[in-house]
Amino acid sequence: PRPDVHPLPSGTHLLFAQSGRIEHVPLDSYDMKSDDAKTVLHLPGKVIIGVAYDCVEKMVYWTEITSPSISKANIQGGDPVNVIRSDLDSPEGIAIDYLGRTMFWTDSVRDHIEVASLDGSQRRVLIDSDLVNPRSIITDPPNGNLYWSDWNRDAPKIETSYMDGSNRRVLVKDDLGLPNGLTYDSQSSLLCWADAGTHKMECMHPDRGDRRKIMEGLQYPFGMTAFGKNIYYTDWRRNAVVAVDRYAAKESDEFQPQKRTKLYGITTAYAQCPSGQNYCAAN
Amino acid sequence: DATQGTVDDCSPCPCPTGATCAVVPKTREVVCTNCPVGTTGKRCELCDDGFFGDPLGESGAVRTCRVCKCSDNIDPNAVGNCDRETGECLKCIYNTDGFFCDRCKDGFYGNAMAANTADKCKPCSCSVFGTVGGQLSCSQVTGQCPCLPNVSQRDCSACELGFFNLQSGSGCERCNCNPIGSTD
């Protein structure tokens with residue numbers, strides 16, 4: 001019931017932020033159906049950075065920096081609801097633990113990682129040290145892991161911890177530039193990142209540390225999301241969503257919205273939640 | 001409303017040339033949906049992230065959207081670098097501060113506008129013992145910390161010649177050496 005807003009068809013699709021809008025591109029197996037791309041949410045005047053999807057309640061969550069806040073809306077065209085509006089300076093990445101019903105976000109001015117229930121209650125700071133420019137954050141709910149990137153120009157890194165902030169470790173720190181985008185594919189247990197400094201896309205198994213390059217020559221990756229064999233990232237230079245076939249190690253498609261301005265966060269909205277048990281369920 | 005059958009059924013979009021618009025069904029509000037490059041907002045009255053201006057002249061003269069002007073003291077990989085209307089810089093780096101990241105932030109001194117980042121803003125590092133009130137800030141330009149009596153150096157870290165006991169925290173005391181038995 002909003003302007004230029006359309007209920008989403010069933011099936012998996014991509015959600016990404018561009019200039020006060022959250023856009024949607026349906027996926028036909030792995031192909032972006034560019035002709036059916038639509039605006040799910042139009043928030044004129046807002047600058048939306050991070051987007052995340054809750055597959056249980058079919059809600060999209062986003063961070064916004066003009067009046068720093070975290071909000072959510074049903075992707076079938078529901079009205080936006082403010083979840084967090086105080087004590088935020090520059091919220092960027094956001095991630096949902098669809099099993100534990102919590103959300104995590106980075107704040108690049110407070111240099112914090114915080115957690116709260118999906119309604120904004122039970123909020124607390126999870127990580128508040130050794131962060132300079134925290135950006136992307138992602139969850140691996142079945143294993144209870146959290147991953148985030150920090151593009152600190154002097155010492156960029158990718159880190160992990162449990163979802164309660166304990167067992168924090170640096171996973172990657174060498175040969176990084178500006179690791180803006182991060183994604184975790186639970187099927188292959190691969191953590192992948194897109195770097196706007198080295199212009200590379202790389203992946204590794206967080207447990208094994210077997211880092212490998214997927215692609216070189218990316219232009220300016222910002223957000224990133226994995227779906228099956230594909231990885232999709234937003235590019236600041238091309239103002240486009242770029243699809244990369246992980247196995248063929250090459251770009252397979254590009255979607256350039258009509259509006260020519262920067263694209264920010266991107267996430268995969270699954271038709272159904274991935275199967276998997278909460279790591280706490282057995283305990 | 002194109003179904004009323006009058007010449008006024010369709011009104012032009014209240015948007016800059018080239019933009020399209022839509023009506024919010026609930027409120028009947030008209031919102032521009034395809035603002036020109038660099039602009040955004042209900043009426044394309046705002047600048048995109050990383051730009052500032054007043055493209056419709058809503059609060060004065062028309063100022064087209066321009067890239068944030070922050071004395072080269074912002075990082076292009078950051079988001080929300082300046083206020084989209086006033087241009088006030090919000091994410092100064094290299095220890096700079098101010099509307100245009102044009103001065104050193106408190107506790108730092110030097111030349112925020114220097115071309116070389118190493119020459120920009122250095123920490124005052126005022127001596128806790130030799131500085132008035134244990135102050136941590138210094139002169140923006142020279143870096144001189146406010147020294148207690150008989151304390152010298154830029155960072156107030158030493159006693160003047162003929163004085164001792166910097167650690168007292170209330171300035172240095174005269175040595176009172178006997179001129180006959182002392183060298184220097």
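The model is predicted, so local features need pLDDT of at least 70 and side-chain atom pairs count only at pLDDT 80 or more, while totals for chains, interfaces and linings use all residues. Residues are numbered from 1 along each chain as its sequence is written, chains are lettered from A in the order in which they are written, and side-chain values use heavy atoms, with hydrogens and water left out.

**The interface**
- Chain B and chain A bury about 2,100 Å² between them, 50% of it on carbon and sulfur atoms; buried area is the accessible area (1.4 Å probe) lost on being put together, summed over both parts.
- Two salt bridges (a side-chain nitrogen of Lys or Arg within 4 Å of a carboxyl oxygen of Asp or Glu) are found across the interface.
- One salt bridge links the side chains of B:Lys91 and A:Glu92, at 3.8 Å from N to O.

**A:Glu23**
- A:Glu23 lies in strand β2 (residues 21-28) of chain A.
- Why does A:Glu23 count as buried? Its relative accessible area is 10%, and buried means under 20% (1.4 Å probe, protein chains only).
- Beyond its neighbours within four places in sequence, A:Glu23 is in contact with residues including A:Leu14, A:Phe16 and A:Thr39.

Conventions: Helix = DSSP H or I, 4+ residues; strand = E, 2+ residues; numbered from the N terminus. Buried < 20%, exposed > 50% of the residue type's maximum accessible area, 1.4 Å probe, protein only. Contact = heavy atoms within 4.5 Å. Buried area = accessible area lost by both parts, 1.4 Å probe.
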